[in-house]
Amino acid sequence: MNRNLSTRIRISLLIFVLLLLSLGPAASLPLGHTAVTYAANEPAKPAKKLVMGTSPDYPPYESVDAKGGGEIVGMDIDIAKYITGRLGYELEIASMDFSGLIAALQTKRVDFAMSGMSVTEERKQSVTFSDSYYTARNTIVSHKDQAYESVEQLSGKLIGTQLGSVQDQYAQTIPGIQLKKLNKIADLIQELNSRRMDAAIVEDAVAIEMVRANPNLVLNFLPVSEQDNGYAIAFPKQSELVDDFNRILREMKESGQLQQLTDKWFEEKETSAGKGAEGKLIDFSVLEGYVPYILKGVYVTLLFTLVSALLGLLWGTILSLFKISGIRPLQWFATAYTSVFRGTPLLVQLTIIYYATPQLFNFDIPALLAAGLAFGLNSAAYLSETIRGGIMAVDKGQREAAIALGIPYRKMMVRIIFPQALRHILPALVNEFVALLKESSLVSVIGVAELMRRADVVRASTFRAFEALLLVAVIYYVLVLVLTSLARMLERRLRRSD
């Protein structure tokens, strides 16, 4: 029996390692990293790879073609493909929040960033910019029944902007306004429609799509500022790519190629039919063609939850044994570990692991692997206390009897103590796994293509807020119901001997 038990443990560990390794490829599902090679006028054989960071929720500059397989497309993407193709590089596109692009450049997770990023003096302190390739206008989007046509009318109003955008920095110069910064354009639309803010300041092309999809909104263009340097490509400081990119950009301007790409995407937006829901609060018809894309996120969510739960359970069990071991250094370590991971926010731990690992260990950790480690290590801190409580709840007489019979400690724990402890802590374990499943939505901040991230993509594409969120809420609810049903079946089986 000992041999069979050891074999089962080894097989379980092997399965866990395989699942952990599978997180790397899973992170490269449609919204993660898209590797493309672009041959311009003359064919080029890619010699090495360049990673481009972008926030694909800003059409027509970059967005996810959710109906066409999940590829990241847009004007910025086409420009990047053209330049890297001419320079002989393979292009890989890394998706992340706009507010994380500067950090990704500074930590050299990406080689350059294109995401409708304007050149500002503040950003110049952190990154290096190429020549400008497009200049857009700031635009006020507000309600039709209370439209704002000038900056002066915004005084005393609550104004929304996308965090880290040039519109965000521009709004800070407007006197007398209250500023509300949100991560995504879709969040601005939701806040506007719920009338939690009076207006939003966004870029002109985005404003046009916002108004088309939401007939209750109206836009007004602001004059182009003399200080506006336009959109440019951002690089890490001292990057050797800047001169080469500028040379290709100049060639594109002189040959008319840049204007062709601009016309292609803006003409498509001008001629496309409106996607508005004719003033309806909820209209699920806007999700037509997007449902399969969202459902693909179920696999990533379940894989992430399974690996995080296994890591948390294994490491949490070890920590609980440390705490009851009677060996002072192990007790101190387990107590300190639990204190740190329970005392700091999970989002902070996730961000540190994702951005710090490449610098500390020279390993470009995939986003989903970083998420699995962060959630697993965090979950272990909570589970260690739960498991310790379950072990301590087992009658001491069980241990004394096992010792009196000469049963080895390991066999006693595996065969006698742990099975009884599991029956006590099973409800708490299920609660922890349910929390992991629901909290998986946090990993969208580092670009993992799970359910919530895909819902954000659809929100950015449709410029509608509720429909995608309600669909994802139903999916999460069904997954939790399935998980709790399986847990109840297991609990009934464990209690057959009662």
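Reply: What follows sets values from this structure against the definitions behind them. The model is predicted, so local features need pLDDT of at least 70 and side-chain atom pairs count only at pLDDT 80 or more, while totals for chains, interfaces and linings use all residues. Residues are numbered from 1 along each chain as its sequence is written, and side-chain values use heavy atoms, with hydrogens and water left out.

Me: How do you know what the mean confidence of the chain is, and which element has the lowest mean pLDDT?

Reply: The predictor gives each residue a pLDDT, its confidence from 0 to 100. The mean for the chain is 80, and 85% of its residues reach 70 or more. Where pLDDT is low, the predicted coordinates should not be read in detail.

Me: Why are Lys81 and Glu71 called a salt bridge?

Reply: The term requires a side-chain nitrogen of Lys or Arg within 4 Å of a carboxyl oxygen of Asp or Glu. The closest N and O atoms of Lys81 and Glu71 are 3.4 Å apart, so the pair meets that definition. Lys81 lies in helix 2 (residues 75-87) and Glu71 in strand 5, 10 residues apart; helices (H or I, at least four residues) and strands (E, at least two) are DSSP runs, numbered from the N terminus.

Me: Why are strand 11 and strand 13 called edges of their sheet?

Reply: Five strands form this open sheet in the order 11-10-12-9-13, with mixed pairing. Strand 11 (178-182) and strand 13 (217-221) each have a single partner strand, so one side of each is left without a neighbour in the sheet.

Me: How many bridges join strand 4 to strand 5?

Reply: Three bridges join strand 4 (residues 62-65) to strand 5, and the two run antiparallel. Within strand 5, Glu71 stands opposite Asp65. These strands belong to an open sheet of three, in the order 3-4-5.

Note on methods
Pairing = 2+ DSSP bridges.
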